[in-house]
Protein chains: 2
Amino acid sequence: MKTDLKTTSEKLFSVLSEKKVTFGTAESCTGGLIAKTVTDLSGISEYYYGTVVSYSNSVKQNVLNVKEDTLKQYGAVSSCTAVQMAEGARDVLGCDYAVSTTGIAGPTGGTKEKPVGLVYIACAGKGKKTVVTENHFSGTRKEIREQATEKALNMLIEQIEK
Amino acid sequence: MKTDLKTTSEKLFSVLSEKKVTFGTAESCTGGLIAKTVTDLSGISEYYYGTVVSYSNSVKQNVLNVKEDTLKQYGAVSSCTAVQMAEGARDVLGCDYAVSTTGIAGPTGGTKEKPVGLVYIACAGKGKKTVVTENHFSGTRKEIREQATEKALNMLIEQIEK
């Protein structure tokens with residue numbers, strides 16, 4: 001799957017400017033790539049509040065308020081965790097929307113149940129039902145992270161436009 | 001100034017593995033580039049807890065515990081803010097070391113007093129005195145962000161090795 005992060009982030013920028021809403025991110029497997037992609041655009045600071053990259057579970061719990069039970073029962077890579085990360089980021093960062101990613105970027109860390117390329121992405125908007133998708137990306141670590149970033153930006157655009 | 005983020009992050013990885021310490025980041029002007037750079041390395045999750053990208057002052061205050069007085073008196077781009085961001089990230093993320101960046105990546109946002117390229121970088125280690133540097137980088141937005149990232153990684157390596 002070919003990605004074009006520059007074009008997608010520019011599209012997001014134009015939607016944000018039109019709707020005058022703010023957003024933030026909570027990134028696990030994308031590890032800051034979403035933040036890096038959107039902050040490549042000068043002027044985005046008017047709409048972008050920031051990100052929490054939660055590589056460790058302690059950060060997921062202590063900063064994003066993901067429940068310990070959720071992590072224990074479903075694991076860090078799960079739709080429940082993705083939802084709580086997005087809602088936690090929206091509330092902690094204090095923005096209108098937040099998008100989250102949690103998955104296995106590889107090349108290590110995959111299992112039969114949770115293979116490399118599995119990524120859950122959630123988008124939480126104030127007063128809207130949080131949406132979450134299960135994705136199966138393929139390719140190198142770099143490609144998987146880029147595909148997850150593009151999907152996250154597109155979900156955000158879709159939710160803002162709704 | 002030429003940068004080689006891949007080599008620098010690999011050097012950091014080897015120092016982390018040797019010393020068995022953990023770290024996190026608090027990024028403003030680098031906007032997630034440090035997080036993205038270190039998480040390009042598979043296996044870094046053992047040492048890397050995450051980042052808080054604080055593009056807005058509310059995130060600096062509410063998540064990183066930067067004091068409102070500091071932001072008012074010295075501004076977001078100041079050595080005091082950089083120090084509080086690094087110490088806040090270390091404590092909030094719960095890691096051994098944290099490095100922070102705050103500056104003007106440009107091309108917009110510069111003033112006579114705080115020109116494009118001015119970046120403060122701080123590194124806070126548990127039980128060590130927090131160090132902070134004032135840097136004057138030049139080039140495009142991309143180049144300034146890359147130089148700030150490389151400097152931050154090098155400061156972290158230096159503090160861990162001390």
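# Notebook: a two-chain predicted model

**Entry 1. Helix α6 of chain A.** I began with helix α6 (residues 141-161) of chain A, which has 21 residues and reaches 30 Å from its first C-alpha to its last, close to the 30 Å expected at 1.5 Å a residue. I note here that the model is predicted. I then listed the buried residues of α6(A): R141(A), I144(A), R145(A), E146(A), Q147(A), A148(A), T149(A), E150(A), K151(A), A152(A), L153(A) and L156(A). I looked up what these residues pack against, and found α1 (5-19), β1 (23-27), α2, β3 (97-103), β4 (118-125) and β5 (131-136) of chain A.

**Entry 2. Helix α5 of chain A.** I applied the length check to α5(A): its 15 residues should span 21 Å at 1.5 Å a residue, and its end C-alpha atoms are 21 Å apart, which agrees. I recorded 12 of the 15 residues as buried, so α5(A) is largely enclosed by the rest of the structure. After the helix I found G94(A), whose phi is positive, near 75°.

**Entry 3. The strands of chain A.** I took β3(A) next. I counted 7 of its 7 residues as buried, so β3(A) is largely enclosed by the rest of the structure. I separated its residues by direction: Y97(A), V99(A), T101(A) and G103(A) point one way, while A98(A), S100(A) and T102(A) point the other way, and all are buried.

Which strands pair with β3(A), and in what sense? I found β1(A) paired with β3(A) in the parallel sense over 5 bridges, with T25(A) opposite V99(A). I found β4(A) paired with β3(A) in the antiparallel sense over 7 bridges, and there T102(A) has Y120(A) as its bridge partner.

I followed β1(A) onward to β2(A), with which it pairs in the parallel sense over 5 bridges. In this pairing, I noted G50(A) as the bridge partner of G24(A). I counted 7 of the 7 residues of β2(A) as buried, so this strand, too, is largely enclosed by the rest of the structure.

**Entry 4. The contact between the chains.** I looked up the relation of the two copies. Chain A can be laid on chain B with an RMSD of 0.0 Å by a turn of 180° and a shift of 0.0 Å along the axis. That is the relation of a two-fold axis.

I counted 28 residues of chain A in contact with 28 residues of chain B. I sorted the residues of the side into 12 nonpolar, 14 polar and 2 charged. I also found that 100% of the interface residues of chain A are interface residues in chain B, so the copies meet through the same surface.

How many bridges join β2(A) to β2 of chain B? I found 5, with the two strands paired in the antiparallel sense. In this pairing G50(A) has S54(B) as its bridge partner.

**Entry 5. The hairpin of chain B.** I turned to β4 (residues 118-125) and β5 (residues 131-136) of chain B, which pair in the antiparallel sense over 6 bridges. The bridge partner of L118(B) is H136(B) in β5(B). The hairpin of β4(B) and β5(B) has 5 residues between the strands, and there I noted G127(B) with a positive phi near 70°.

Entry 6. Is S100(B) buried or exposed? I found S100(B) in strand β3 (residues 97-103) of chain B. With 35 C-beta neighbours inside 10 Å, S100(B) counts as buried, because the cut-off is 20 or more. I noted that S100(B) and I121(B) are 21 residues apart in sequence and 5.5 Å apart in space, C-alpha to C-alpha. Leaving aside neighbours within four places in sequence, the contacts of S100(B) include T25(B), A82(B), A86(B) and A122(B).

Nonpolar side chains tend to be buried together in soluble globular proteins. I therefore consulted the largest nonpolar core, which has 94 residues; A86(A), A98(A), A86(B) and A98(B) touch the most other members. Not counting residues up to four places away in sequence, I found that A86(B) touches A26(B), A98(B), V99(B), S100(B), A122(B), C123(B), A124(B) and T130(B).

Note on methods:
Residues numbered from 1 in each chain as written. Chains lettered and ligands numbered in written order. Predicted model: local features only at pLDDT ≥ 70, side-chain atom pairs only at ≥ 80, totals over all residues. Least-squares fit on C-alpha atoms with pLDDT ≥ 70 in both. Contact = placed C-beta atoms within 7 Å. Nonpolar A, V, L, I, M, F, W, Y, C, P; charged D, E, K, R; others polar. Pairing = 2+ DSSP bridges. Helix = DSSP H or I, 4+ residues; strand = E, 2+ residues; numbered from the N terminus. Expected span 1.5 Å × (residues − 1). Core = buried A, V, L, I, M, F, W, Y, C linked by C-beta atoms within 7 Å.
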